[in-house]
Amino acid sequence: MTVTRRQGLMGLAALGASPIALASTPALAQSRAETLRQITGGAINTLDPTMPGATRESFGLSMNVYDRLVAFERKQVDGHWVFDHTRIRGELAERFETSPDGLKITLHLRPGATWHDGTPVTAEDVKWSLDRHVGARSLAVSQFQTGSLTSPDQFRVAGPGVVEVTLEKPDRLALSNLAVPYAIMINSALAKRNATADDPWAQKWMQTNTAGGGAYKVESFRPGVQAVLARNEEWKNGTMPFFRRVISQSVPEAATRANLIEKGDADIAIDLQAGDIATLESRGQVKVASIPQSNGFTHISFNTRMPPFDNPKVRQAIAAALPYDDMFRASLFGRGRKLYGGEWTTPASADFPVPMPVKQDLARARALLAEAGMANGFSTTFSFGASTASTAEPLAALVQEALGRIGIKVEIQKLPDAQLNTLQSEKKLAFYTDSGTAWLPATYYFFYLYFTRDQRWNFASWENPRIAELADAARFERDPAAYDAQCKEMISILADQMPLLMLWQPNMDAVMGKAIEGFTYQFYRQVDFRDLRRA
Amino acid sequence: MTAPLLDVEDLHVAFATRRGTVEALRGVSFAVPAGGVLGIVGESGSGKSVASLAVMGLLDRAGAVTAGRIRFDGQDITRAGGRELRRLRGAALSMIFQNPRAALNPIRAVGAQIADVLRAHRPLSSAEAKARAVALLEAVRIRDAARRAAALPHELSGGMCQRVMIAMAMACEPRLIIADEPTTGLDVTTQKAVMDLLSGLVRERGMALVLITHDLGLAAQYCDAVTVMEAGRVVESAPPARLFGAPREAYTRRLVAACPTPTSTIAGLTPDAPPLPPAAPAPPLPPGAPLLLEVQNLSKRYPDGTVAVDDVSFAMRPGESLGLVGESGSGKSTISRLVTRLIDPTGGEVIFEGETIGAVPARDFHRAPQRSRVQIVFQDAGESLNPRFSAFDSIADPLRRLAGVRDRTSLHQAVEEAADGVGLPRALLDRYPHQLSGGQRARVGIARAISVRPRLLVLDEPTAALDVSVQAVVLQLLERLRREKGLAYLFVSHDLNVVRMLCDRLIVLRQGRIVEEGESDRIFRAPAAEYTAQLIAAIPHFRPEHALA
Amino acid sequence: MSAAPLAASPGRPSILRHAAWVLRGNPVTAAALAGTALLVLVALLAPWLAPYDPVATNVANAMRPPSAAHWFGTDQLGRDILSRLIHGTRLDLAIAASAVSLSFVVGAVIGAFCGYHGGRLDHAVGRFVDVLMAFPLFVLAMAMVAALGNQVQNIVFATAVINLPFYIRFARTEVAVRRQAGWVEAARASGNGGSRIVLGFLLPNILPNVAVQISLNLGWAILNAAGLSFLGLGVTAPTPEWGIMVAEGARFITAGNWWLVAFPGLALMLAVLCFNLLGDGLRDILDPRMRT
Amino acid sequence: MRALASAGRRVGGRLLAAIPAVLGVLVLTFLVMRVLPGDPAVYFAGGPSAGQAQIDQLRAEMGLDKPVPVQLMYYFRDIAGGDLGRSLTTGQPVLTDIRQRLPASLELTFSALLIALVAALPLGILAALRPGSAVDHLVRFLCTMGVCMPTFVTGLLLIYVFYYLLGWSPDPTGRIDIFAGTPPDITGFLLIDFALTGDWAGWRAAASQLLLPAVTMALFVLAPLARMTRASMLAVLGGEFIRTARAMGLPGWRIILVYALRNAVLPVLTIAGIVFSTMLGANVLVEKVFSWPGVASYALDALQASDYAPVQGFVLLMATIFVVVNLVIDLLYGLADPRAGAE
């Protein structure tokens, strides 16, 4: 690649400029060590995670800026910290108890806890916040419903610093829902001062301002570009985080992100390209934490209401035709946990997602197609979202080639994300790939969210009355053994009917400077700055 | 005999073109004594301009002096270096060019441009230079010189721009001025004023002048000696009296004969012309038959307010030839476009063979039946032939459109017949316009116009862009065609001599109005209007009585 | 007075002999023409020239650097980059040629009529051109590709529409300048109507000048397709096209696999270079005045 | 004086002529956005169980449930009131987004144009002074090199070489070194703000940050500018008034700089205007590669999310800039060329 003389000259001019700019005085170096710089492909577009349209990066930020009543513990899984959704600890609530029949939860607020503006935290603040999460027009409403938290009169101030939550049925995920990013505890006095007649819950104001008490305060925020956080020195609801300042900056170009991390100008990134990570790891300048995303999965989905995919035989034929290993290597460079190639006929346990019993067998695929009366094949489209192109495009090419061998002609469609979502929710996509993440990865919750009801996340638009019945029962099942049986039955129906093919759980590849420690894979798939420190 | 100020000896100049070198000058010698005025005369391609550019060292990149010597004031400047020549140019010898407005910097005040020349050669401050520039403008008789100094070239008339050029050339009192076609393109009256000014100043300040022109009359009137050049060689050199009285070389004789003078005749233009058919005067109009053309109160006003034609009326009988004479801006060309319905009049009527053809808008006149009966020949034949059409296509186009000749053979036959009619060799029919000479292009223009057998042929300065010898032949061709085919001519020109020879009657125009109308000979002998007399007097030609003026 | 006397050589020399003449005079144009001819040849003979099937994947030997088996190495799906490059030539030349010719033909005709007739038509088209030019490039491209799907013909259509204003404006000024020329008046006097004059007389005369713009546009059209691919709006994988190969390859520079972007980038540069340098030569060949 | 008065008249005329163009752009954008199959309501109704109810609620909130002509009327009324709507991608009113981001795009495009002119003018003049020589071919080859690589590839290459390998230029993200604290925000143009506050270290930091993206864009427009300078310079040098100047013995530098260049610069001005407006639109690629917080990348993100308001705001902005740029060029032309002024 010839570098033209003009660029050379320009470079020299820059040489004159750059050393002076970077001359770092000792004070600057010391504060650099106490500052964490995260770079992201996406961008933070709001400070209120419950705002419709909030990006995933906004959820991550809110976990550091706002406290919640409770939070998940974390556990070590083959050398990495991962969130543990089965163990819940108090955050704003010092301690909490659940009544034996599971219908009442009492939470005792941490004495002496204060908001960012120094005012003390009261039960009334908590009550106002919970009412907002079920009353205001926001993302929290539909999430809280999955924990049977639906109306304000379920929440009651039961004394100074004590809040009671009552349920009609013992929903397994009621308490867990109080730990999701939406369940922020708000300084109601400050919020009400900025509320207006047509915006009682101060939703507009809270998009660009905070009324919280979390571990970090927002020093400056430019939506879509960057956010700078400063540590809240009075924080009492957890161990004091190491970093004094945190900068989260959006850098759209993946190649540039990789350069910045390797040069040490940035400290951590979780959305680099699979191709780059292997090389960065081999060059040894950075530390890579590869953790399978246990609550997510990438899938290929059929539209079970659109012929020929309404016929299970056709679905099974395609399932037998796909080159899973080649797709795994081309799309993820092997960085993830396989969800195919399972050897079982009946599920070993209630855990989900697990490798499904499916592997490539072209002869069987052709036989199944013949059985389905489609011996001479058919033609269809295979779609994916533009933002997932780096992983989906190679996958699409392999699917096209493989299905071509058994007579199915595939036209690949790369759609802008908004259009993919629209076609998805209007059930017009015949055959496509996408991925899903469940915040509360209980097995029944997977089936409730992804395989029941007529809503957007039912990828395959699958209607199976038995599955709906089992999911609903499992939700309120108190007896563990019965819960296990219900989950296993659901898994085996899925393995047989194959409305969609589970492919793999891509790794969360957190690439960071060698000195950064304490990274934890969180269920909302963002970085929790409170966990990190620099050695 | 003191050594001549400028002595050019056996000068050879060659140009490197894509197809090998071309000899522009093949051994030219001439000399100019201090204070003398030498005229260099020749047709296009004779090399007269190349000689002047060679002397000034201004040949473009492709040209080079291959032999001979140029001495100025005794100093050999043939191969003088850029720096040395630059010291001389503008100070010791300077040059004036053809179209003055293009020869001045379009976006810089004329006064400043003169000051630039002064400061290039004299250590003057900008204020002093500006003052001297204004004084120079007054010396070249520009009224209100201070205000005019701030004007831009496009705000001045052609004549005034040339005066600015003269002021620039004289700024540093050079000893020699070379004027290359200084007045071509100017009106006759302006030309006279400028030439009188130039020759007066040169004599007054004892400067030598080399006047390069294709107009023999001009050279004769203003020069002490005239050198005639042809195809890069000097044919003959002599004082005007002898050159015009008894030219020695055959070429000079032909050249002098071809220059129209107040007394020359069509036949006399070329010594060996084929005999013309008898000159039958236009037949009187049989009673009741309509006039060929009747123009009543014609007027044309442009949207920006200028009035090109103001209430002009005249009439023509079939077979008659009527001359329209006037200086630029007199409206003669506009009338030619109005009569041939290329543009719409703002008022008045054009009646052709009894039918009013003004009603059909110019945009749709191409479909009108009379279209083929009124045709036009343009001034610059080169510019009026489609560059991507061969001669054949140009002539065939009207035949296809108007005469309805469609099939190949009859088309070929018609075009060849038209070409023969105008004396154009058939071999040239597939040439592109830029591959034809000026005369050949003029013939194609005429062939195109007469191929559809029009009744009225309007000629807009048909020979103005041609060399004198070529003009002579074309004029004879036009006269022969008129007599053979009984065509009616409406002949538009600024050259009174040419119109007098070709037209029975003529109309003198000024600023869109008719100044005088009548028999050609009568107007020449005894012009009724003062303006016509001025026009006739301004035509430069050899007057034996004051040969040494 | 033109210095070199006019040499009237015999007969009407054929375009080829004249073209040879122009090329001898200008080596750069000759090289550009040779380059373009090579590209067209490769495009035509693509299936026979390409050593492998451009779409066949072989994940086992993905990301291999240039080797004897794969001269230009393999991409992230193990496909042979040389074969994809060769097949890509066909697609890219097709995109560039059809987009530019579409916009040239439509644009030049509309522009020429506006330039000749002027008045309301000219004014209305002028406003329409302003709107198109003021409209940001990628928004227009995205809208068209998104609405009609990103098959190749829609990319061609989008590129053509974006190019259109340029040709309309160009033809309009060239015609307006020549509208007063003598030979146009002569054409009207010879009985030609407005449309015949525009199509038969004026358009052929502005051809040489437009030739230069066409060649510049060809280069730009290919780059535009590459830009669209980079934004995810262009040709979809796995069709072999330089733009998408450069866009995908660019992601692997930092990972050190330079050959994914280097070879398509080089091909792109070569093609655009040839088209741009060809421009001036093309003008001389087409302009009759240069034919001595 | 006279030139200014007539230039004023021409400005008024051109403004009037521009109104229909801007209106045309508005309607075209509005329709184009409605044509896109993506429905923003669905995209933004994320959440675990985004049922149809939630999507409908968002549609109502965004006014998408009304018939299109009504929406158009609302849209015009909003524009007139200066309300460009609210962007869902950034959650802020579009007007504040644009006010924050426009200076970044303008600063990048102006400096790129400046670099391109500083490079193209001398190259063009050099090539014109020796047509057909080695210099001429070298200049033509050099400029064409710049234009035949897509901007995003040149950008990535420059980063790879100057930041990654040589380490000469600072980290290629954003307008200012992230750790240098927030710059003063007076005009939004960093170079001007730093200069105003006299903070030269900051100015140098911002300049070195700006250099690489600006050079990437400048390379792309180098060719047309150099080609036009060469062509117009050649035409002017062939002019008769140059021959007169040489005949009058004017010094070489005066002929080239005062006589030739002043005349040759006029067509270059018009091309610079056209090039500027295309650059504004095309710098989306450079903004993406250098994570430059400009308006183009903002609009592209919104476009991919079918978020109408920012795209419409961006297109309106582009149309106004297009009109303003043409106006400025027209004015400059009027001042530079007295002839045009006096028409």
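Colleague: Which residues of H8(A) are buried?
Modeller: This is a predicted model, to begin with. In H8(A) the buried residues are Ala255(A), Thr256(A), Arg257(A), Ala258(A), Asn259(A), Leu260(A), Ile261(A) and Glu262(A). The helix covers residues 254–263 of chain A, and 8 of its 10 residues are buried.

Colleague: And what comes just after H8(A)?
Modeller: Gly264(A), with a positive phi of about 85°.

Colleague: Switching to chain B. How many residues of S18(B) are buried?
Modeller: 6 of its 6 residues, 488–493. Both faces are covered. Ala488(B), Leu490(B) and Val492(B) are on one side, with Tyr489(B), Phe491(B) and Ser493(B) on the other.

Colleague: Is S13 paired with S18(B) in the parallel or antiparallel sense?
Modeller: Parallel, over 5 bridges; S13 is residues 321–325 of chain B. One of the residue pairs is Val325(B) with Ser493(B) as its bridge partner in S18(B).

Colleague: What about S17 and S18(B), how many bridges there?
Modeller: 5 bridges, in the parallel sense, with S17 running over residues 456–460 of chain B. Asp460(B) has Val492(B) as its bridge partner in S18(B).

Colleague: What unit do S17(B), H15 and S18(B) make?
Modeller: A right-handed β-α-β unit, in which H15 is residues 468–485 of chain B.

Colleague: Now the contact between C and D. How many residues are in contact?
Modeller: 32 residues of chain C touch 33 residues of chain D.

Colleague: Which elements of chain C give two or more residues to that side?
Modeller: Five helices are listed below by name and range.
- H5 (119–134) of chain C
- H6 (137–148) of chain C
- H9 (194–230) of chain C
- H10 (242–250) of chain C
- H11 (259–286) of chain C

H11(C) gives the largest share, 8 residues.

Colleague: What does that side of chain C look like by class?
Modeller: The side that touches chain D has 26 nonpolar, 4 polar and 2 charged residues.

Colleague: Last one, chain D itself. How many helices and strands?
Modeller: 15 helices and 0 strands. The C-alpha trace of chain D spans about 85 × 55 × 40 Å along its principal axes.

Colleague: What share of chain D is buried?
Modeller: Of its 343 residues, 53% are buried.

Colleague: And what share of its contacts with a separation of 6 or more comes from residues 24 or more positions apart?
Modeller: 72% in chain D.

Key: Residues are numbered from 1 along each chain as its sequence is written. Chains are lettered from A and ligands numbered from 1 in the order in which they are written. This is a predicted model: local features need pLDDT of at least 70, side-chain atom pairs count only at pLDDT 80 or more; totals for chains, interfaces and linings use all residues. Helices (H or I, at least four residues) and strands (E, at least two) are DSSP runs, numbered from the N terminus. A residue is buried if 20 or more other C-beta atoms lie within 10 Å of its own, exposed if 12 or fewer, and partly exposed in between; C-beta atoms are placed from the backbone. Two residues are in contact if their C-beta atoms, placed from the backbone, lie within 7 Å. Ala, Val, Leu, Ile, Met, Phe, Trp, Tyr, Cys and Pro count as nonpolar, Asp, Glu, Lys and Arg as charged, and the others, Gly among them, as polar. Two strands pair if DSSP finds at least two bridges between them. A crossover is right-handed if, with the strands pointing away from the viewer, the path from the first strand over the helix to the second runs clockwise.
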